[in-house]
Amino acid sequence: MSLANQQVNYSDQVAVPTWKIKLLYDGECPLCVREVNFLRKRDAGRGLVAFVDIADDNYTPEEHGGVDFETAMGRIHAVLPDGTLVKNVEVFRRIYETLGMGWIYAITKLPIFGAIADFIYGVWADWRLSLTGRPNLATILNQRQQKIECNTEGRCRTD
């Protein structure tokens, strides 16, 4: 058979993820880590939620819905198996539903309560770094960039 007549079915080679939602979280945020630990216990090894630490040196946006570090630090994001991005309170709603605890966030599906929850989450997200005793986002971004340059270009300062 000639190459022109060969057909390759690439859909057979695409791996379908076993997780139902991929949570992008800040592994350097103590409150975020506490929530992730709670969710991991609820997942109980079922693999329904993929937990991705955006603070990890090996985090790459291309593998996680194109969400870069700065964007992920501003608001919580999740990626669905089809590549759809979810952010803000909708992330919590979907994760809790996936883990069988949807009743906790069910009230946020109602328009007025959803708007209130989104507003409160926005305030929390804006103040999260200072409330947890961390530097502001600009400082964190600068530190991360310096660390990346040190690791990739060997341009490290020792002070």
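This is a predicted model: local features need pLDDT of at least 70, side-chain atom pairs count only at pLDDT 80 or more; totals for chains, interfaces and linings use all residues.
Helices here are DSSP runs of H or I at least four residues long, numbered from the N terminus. The chain has a mean pLDDT of 89, and 87% of its residues reach 70 or more.

- Is Arg40 buried, exposed or partly exposed? Its relative accessible area is 38%, so Arg40 counts as partly exposed.
- Setting aside residues up to four places away in sequence, Arg40 touches Tyr25, Gly45 and Phe51.
- Arg40 and Leu99 sit 59 residues apart in sequence, yet their C-alpha atoms are 9.6 Å apart in space.

- Which residues of helix 3 are buried? They are Val89, Val91, Phe92, Arg93, Ile95 and Tyr96.
- Those buried residues pack against quite a list of partners: strand 1, helix 1, strand 2, strand 3 (77-79), strand 4 and helix 4.
- A handy bit of background: an α-helix has 3.6 residues a turn, so residues three or four places apart point the same way.
- The largest nonpolar core has 22 residues, and the ones touching the most other members are Leu23, Leu39, Val49, Phe51, Val91, Ile95 and Leu99.
- Strand 1 (21-25), helix 1 (30-43), strand 2 (49-53), helix 3 and helix 4 each give two or more residues to this core.
- Which element gives the largest share of this core? That's helix 3, with 5 residues.

**Aromatic rings**

- How many aromatic pairs are there? The count comes to 4.
- Take Phe92 and Tyr121: their ring centres are 6.0 Å apart and their planes meet at 65°, so this pair is edge-to-face. The cut-off for that label is an angle over 60 degrees.
- Phe92 is in helix 3 (residues 89-98) and Tyr121 is in helix 4 (residues 111-131), so the pair ties together parts 29 residues apart in sequence.
- Both Phe92 and Tyr121 are buried.
- Tyr96 and Tyr105 are edge-to-face too, because their planes are at 65° with the ring centres 5.0 Å apart.
- Tyr96 is buried, at a relative accessible area of 5%.
- Put together, Phe38, Phe92, Tyr96, Tyr105 and Tyr121 make up one aromatic cluster.
- Over at another ring, Arg144 lies across the face of Phe69, 4.1 Å from the ring centre.

- Arg93 belongs to helix 3.
- Is Arg93 buried or exposed? Its relative accessible area is 10%, and the cut-off for buried is under 20%, so Arg93 is buried.
- The side chains of Arg93 and Thr108 are joined by a polar contact of 2.3 Å.
- Besides neighbours within four places in sequence, Arg93 is in contact with Tyr105, Thr108 and Lys109.

**Backbone spots to look at**

- Ala44 has a phi near 50°, a positive value in a residue that isn't glycine.
- You'll find Ala44 in the loop between helix 1 and strand 2, and it is exposed, with a relative accessible area of 56%.
- Asn88 also has a positive phi without being glycine, near 65°, and sits in the loop between strand 4 (85-87) and helix 3.
- Just after helix 3, Gly100 has a positive phi of about 80°.

**Asn151 in helix 5**

- Asn151 is part of helix 5 (residues 137-153).
- With a relative accessible area of 52%, Asn151 is exposed.
- Asn151 and Asp57 are 94 residues apart along the chain, with 9.1 Å between their C-alpha atoms.

Key. Residues are numbered from 1 along each chain as its sequence is written. Side-chain values use heavy atoms; hydrogens and water are left out. Rings of Phe, Tyr and Trp (its six-membered ring) pair if their centres lie within 6.5 Å; planes under 30 degrees apart count as stacked, over 60 as edge-to-face and the rest as tilted. Buried means under 20% relative accessible area, exposed over 50%, partly exposed in between (1.4 Å probe, protein chains only). A charge sits over a ring if NZ of Lys or CZ of Arg is within 6 Å of the ring centre and within 35 degrees of the ring normal. A polar contact is a pair of N or O atoms within 3.5 Å; within protein, one must be able to donate a hydrogen and the other to accept it, and residues adjacent in sequence count only if both atoms are side-chain atoms. Contact means heavy atoms within 4.5 Å. A nonpolar core is a set of buried Ala, Val, Leu, Ile, Met, Phe, Trp, Tyr and Cys residues joined through side-chain atoms within 4.5 Å. pLDDT is the predictor's confidence in each residue, from 0 to 100.
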